[in-house]
Amino acid sequence: MKLLPLYANCLLKHEALRGAGDTSVDVKAWLMQLILSSNLVSCLALLYPRVFALHDLKPNQTNLPSLIRCSYTYLKSDGVYLLENGINVFIWVGQDVRAQFLQQVFGAPSFHHLDAEKFTSLPSLGNPLSDQAQEIVDRVRRERMTAMKIMVIKQKDKLEGWFRGFLVEDKGSDSSPSYVDYLCYLHREIREILS
């Protein structure tokens, strides 16, 4: 019951239901069918994607990294985050990420040398950090039992706006309310009904 407002807001903001004209009718119909036919775990991932901090990986870590809230506020410019929604895996790379991390995971010497568009999977670079990052992506894919498409998104890149649409706790590009704004709205409505 406690998370009902969160998931209601996520559903209202979902691409399948929102009124924005940037999504074709066919895609909306497919997403509606996907939501209606998904099991509970898959449906929750579609509505509220999981976000993992990849830059916090510890050596020999076998479990998934810690989850963070699905908001741009929690993405740091010196971090690398994995967002998965059951359909896609997005790897967001902040502009101030350590060069050593970029070299070990992506094979790029710096943020500016990272060609995000060429990645359809993480490269196998034969070092422990690369192997760990690949294992996390593989594990997320195994949990969903689908071959989710991988997309690397650089901070302040042209695709970042699209990526931000999946950060459901934030205000939407179509002026849909943030989670906090939606809670305030619900609180006001409840107070009016009770008074």
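A disulfide is taken here as a pair of cysteine sulfur atoms within 2.5 Å. The structure is a predicted model, in which local features need pLDDT of at least 70 and side-chain atom pairs count only at pLDDT 80 or more, while totals for chains, interfaces and linings use all residues. Residues are numbered from 1 along each chain as its sequence is written, and side-chain values use heavy atoms, without hydrogens or water.

A search of the whole structure returns zero disulfides. The sulfur of Cys10 lies 7.4 Å from the closest cysteine sulfur, in Cys70, which is too far for a bond. Cys10 counts as buried (under 20% relative accessible area; exposed is over 50%, partly exposed in between; 1.4 Å probe, protein chains only). Its relative accessibility is 1%. Cys184 is likewise in no disulfide; its nearest cysteine sulfur, that of Cys10, is 16 Å away. Cys184 is partly exposed, at a relative accessible area of 40%.

Nonpolar cores were defined as sets of buried Ala, Val, Leu, Ile, Met, Phe, Trp, Tyr and Cys residues joined through side-chain atoms within 4.5 Å. The largest has 28 residues, and Ile91, Val93 and Phe106 touch the most other members. At least two residues each come from strand 3 (80-84), strand 4 (88-93), helix 4 (99-106), helix 5 (128-144) and strand 5 (149-154). These elements are DSSP runs numbered from the N terminus (helices: H or I, at least four residues; strands: E, at least two). Helix 5 gives the largest share, five residues. Another core, of 25 residues, lies apart from this one and includes Leu47, Val51, Leu75 and Tyr81.

Contacts (heavy atoms within 4.5 Å) were then listed for Phe106. Beyond its neighbours within four places in sequence, Phe106 is in contact with Val80, Ile91, Val93, Phe101, Leu114, Phe119, Leu122, Pro123, Leu125 and Val152.

Helix 2 (residues 25-37) has 13 residues and reaches 18 Å from its first C-alpha to its last, close to the 18 Å expected at 1.5 Å a residue. The expected span is 1.5 Å times one less than the number of residues. Lys28, Leu31 and Ile35 of helix 2 are buried. They cover an arc of only 65 degrees around the axis, so they sit on the same side of helix 2. The arc is that of the directions from the helix axis to the C-beta atoms. The buried residues of helix 2 pack against helix 3 (40-47). Val25, Asp26 and Leu36 are exposed on the other side of helix 2.

Lys156 sits in the loop between strand 5 and helix 6 (160-164). Its phi is near 65 degrees, a positive value in a residue other than glycine. Lys156 is exposed, with a relative accessible area of 61%.
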